[in-house]
Amino acid sequence: MKTKSIKGIFQQTNKLMILVAFIPLVLSSVFYSRQIFIYQNTINNIEEANQLSEKVDAIVLEEMWDLVFGQKTVAQVQETNVIEELRSDLQHIQENTSTAKELNILAVAFRTLDSLETYQQQLIDNILKDEPVEKNQYVMIQVDSVIDLLSDILQQFVGVEISLASQTNHELVQSVLLLILFQVVLLLIIFAIINKNRRFVRDNLQDPLDRLLDLSNELSQGHLSYRAELPETPELRTLTSSLNRMADDLTRLLEENALKQYHLAQSEVRVLQAQITPHFIYNSLDAIVSLIEAARYEQATEMTYALSDFFRISLSKGQDWIPLEKELRHVGDYLKILQIRYGRMLSYTIEDQTVSPELQVLKMVLQPLVENAVYHGTKFVRRVGMIRITVSELPHQIQMTISDNGVGIAPERLEEKIRRNLKETTDPASESGYGLYNVYRRLQLNYGSEAQLTIHSQYQEGTTINVTVPKREEPNHVQSVHS
């Protein structure tokens with residue numbers, strides 16, 4: 001069984017009341033419409049009968065005399081056949097009559113018209129037999145009498161119609177006035193009841209329910225500070241109070257959960273950052289020792305300074321956000337260290353196309369991606385490895401691009417392993433590496449869904465990674481060379 005709202009139930013009741021009020025009106029309207037139709041037919045009959053009488057007096061007699069004196073031929077009279085036109089007009093009037101008195105008068109008119117048609121045929125026969133004109137003149141005397149009789153019958157019919165119209169009009173007017181008065185009183189009473197009922201429903205049910213619905217919609221959209229006014233109706237007052245308390249509890253729980261998630265996210269970030277650097281530290285220190293042993297002191301010094309600056313920016317006094325120029329210097333230090341280690345087999349370029357000096361970014365975003373480009377890309381080709389980093393400023397975003405000319409990624413591995421792992425919430429498989437996953441996780445934790453990381457690769461040609469993040473500026477930024 002279909003359930004109805006409280007408002008729907010009252011609307012149904014009101015509709016039923018209106019229907020009960022309108023049923024007598026509809027029935028009486030149908031009845032009086034029929035009476036009006038009869039009255040209108042009566043008026044039309046009067047008009048048509050008068051027109052028919054005028055036609056009989058003015059046309060029929062004249063046409064027959066024209067036939068007698070040869071002004072019209074027999075063919076012309078038979079072609080126009082005025083008597084058939086009169087018969088057709090009488091049949092039309094008969095279709096709009098209903099009383100026995102009207103039908104009796106019309107029956108006499110039809111018989112008179114038959115007599116007239118008989119006399120017309122006698123005239124035609126006499127003319128065709130070349131009978132003397134005097135014989136037709138005698139027939140015309142009979143025709144004249146029949147025409148007068150037909151005219152009198154039509155006028156009698158008009159009188160009957162006028163009497164019927166007057167009677168119908170009188171009865172109709174009286175009945176309509178009584179009906180209108182009754183319906184007006186009934187409708188006024190019903191509308192007064194409906195209006196009072198509607199105000200009661202609106203004040204005590206509909207408005208409180210609308211406020212509860214607004215509260216539910218606002219809470220579902222995340223507006224947890226929204227509260228509904230308590231109504232006067234006891235049941236709805238209790239329900240509204242319960243929902244308000246539920247919203248308070250939900251707000252408190254969400255705040256507590258958000259704080260827990262923040263601390264958890266910070267812990268995850270620390271773990272992710274710890275995964276990035278250990279092997280790099282060991283390799284860099286081994287490389288410095290090797291340079292010193294080979295008496296390549298200048299390069300050892302350069303690598304030491306680069307490594308020192310690299311870790312100084314990595315720490316950044318515990319700050320997670322650093323100026324963009326520091327992030328670029330950080331990845332530049334990393335590439336400089338690798339270039340000293342690999343010599344001519346690695347080259348790189350860094351292009352900063354931004355114009356705003358206050359731009360801030362999440363630290364250590366580029367270095368893991370560059371590390372992937374080197375250790376999983378250029379390291380496996382015999383040609384000179386080329387790393388290109390480009391940073392551009394969009395109206396509301398910063399776009400960072402890392403491209404290499406390494407071995408590239410096979411299409412099936414790019415789709416099934418790397419892109420799929422970026423969407424996973426658990427750690428990726430070991431063969432997929434942690435660099436891309438860690439950067440993507442940190443971007444999501446700090447920027448949310450506004451951060452994007454896309455990968456495009458051609459196998460045996462190279463890989464391009466695009467990182468797009470919302471712009472973030474430090475109003476009181478002071479440029480510095482070191483932390």
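Partly exposed, in this talk, covers relative accessible areas between 20% and 50%; under 20% is buried, over 50% is exposed. Keep those cut-offs in mind. The model is a predicted one.

Let's start with salt bridges. The count comes to 11. I'll take a few.

First, aspartate 309. Which arginines does aspartate 309 pair with? One is arginine 312, with the closest N and O atoms 3.6 Å apart. Another is arginine 329, where the closest N and O atoms are 3.0 Å apart. Aspartate 309 sits in helix α8 and arginine 329 in helix α9, residues 324–342, so this pair ties together parts that are 20 residues apart in sequence.

An α-helix has 3.6 residues a turn, so residues three or four places apart point the same way.

Now, buried or partly exposed: how do aspartate 309 and arginine 312 count? Aspartate 309 has 7% relative accessibility, so it is buried, under the 20% cut-off. Arginine 312 is at 31%, so it counts as partly exposed.

Next, glutamate 131. Glutamate 131 forms a salt bridge with lysine 135, and the closest N and O atoms are 4.0 Å apart. Both ends are partly exposed. Glutamate 131 has a relative accessible area of 30%. For lysine 135 the value is 42%.

There is also a network. Salt bridges link Glu84, Arg87, Asp114 and Glu117.

On to helix α4, residues 100–128. Which α4 residues are buried? Among them are Ile105, Leu106, Ala109, Phe110, Leu113, Leu116, Leu123 and Ile124.

What happens just after α4? Aspartate 130 takes a positive phi there, about 60°. Why point that out? Because most residues other than glycine have a negative phi.

Alanine 295 has a phi near 65°, positive, and is not a glycine. Alanine 295 lies in the loop between α7, residues 278–293, and α8. At 46% relative accessibility, alanine 295 is partly exposed.

Glutamine 460 is the other. Its phi is positive too, about 70°, and again this is not a glycine. Where does glutamine 460 lie? In the loop between β6, residues 452–458, and β7, residues 462–470. Glutamine 460 is partly exposed, with a relative accessible area of 43%. One distance to note: the C-alpha atoms of glutamine 460 and asparagine 405 are separated by 8.2 Å, and these two residues are 55 apart along the chain.

Last, the surface. Which residues form the negative patch? Glu54, Asp57, Asp144, Asp148 and Asp152. Two elements each give two or more residues to the patch: α1, residues 6–68, and α5, residues 133–220. Helix α5 gives the most, with three residues. Aspartate 152 is placed in that helix, α5.

To recap: aspartate 309 bridges to arginine 312 and to arginine 329. The negative patch draws on α1 and α5. Thanks.

Key
Residues are numbered from 1 along each chain as its sequence is written. This is a predicted model: local features need pLDDT of at least 70, side-chain atom pairs count only at pLDDT 80 or more; totals for chains, interfaces and linings use all residues. Side-chain values use heavy atoms; hydrogens and water are left out. Patches are made of residues with over 30% relative accessible area and no salt bridge: like charges are joined within 9 Å, nonpolar side chains (Val, Leu, Ile, Met, Phe, Trp, Tyr) within 5 Å. Accessible areas come from the Shrake-Rupley method with a 1.4 Å probe; for residues, only the protein chains shown count as cover. A salt bridge is a side-chain nitrogen of Lys or Arg within 4 Å of a carboxyl oxygen of Asp or Glu. Lys and Arg count as positive and Asp and Glu as negative; His and the chain ends are not counted. The place of a charge is taken as NZ of Lys, CZ of Arg, CG of Asp or CD of Glu. Helices (H or I, at least four residues) and strands (E, at least two) are DSSP runs, numbered from the N terminus. Buried means under 20% relative accessible area, exposed over 50%, partly exposed in between (1.4 Å probe, protein chains only).
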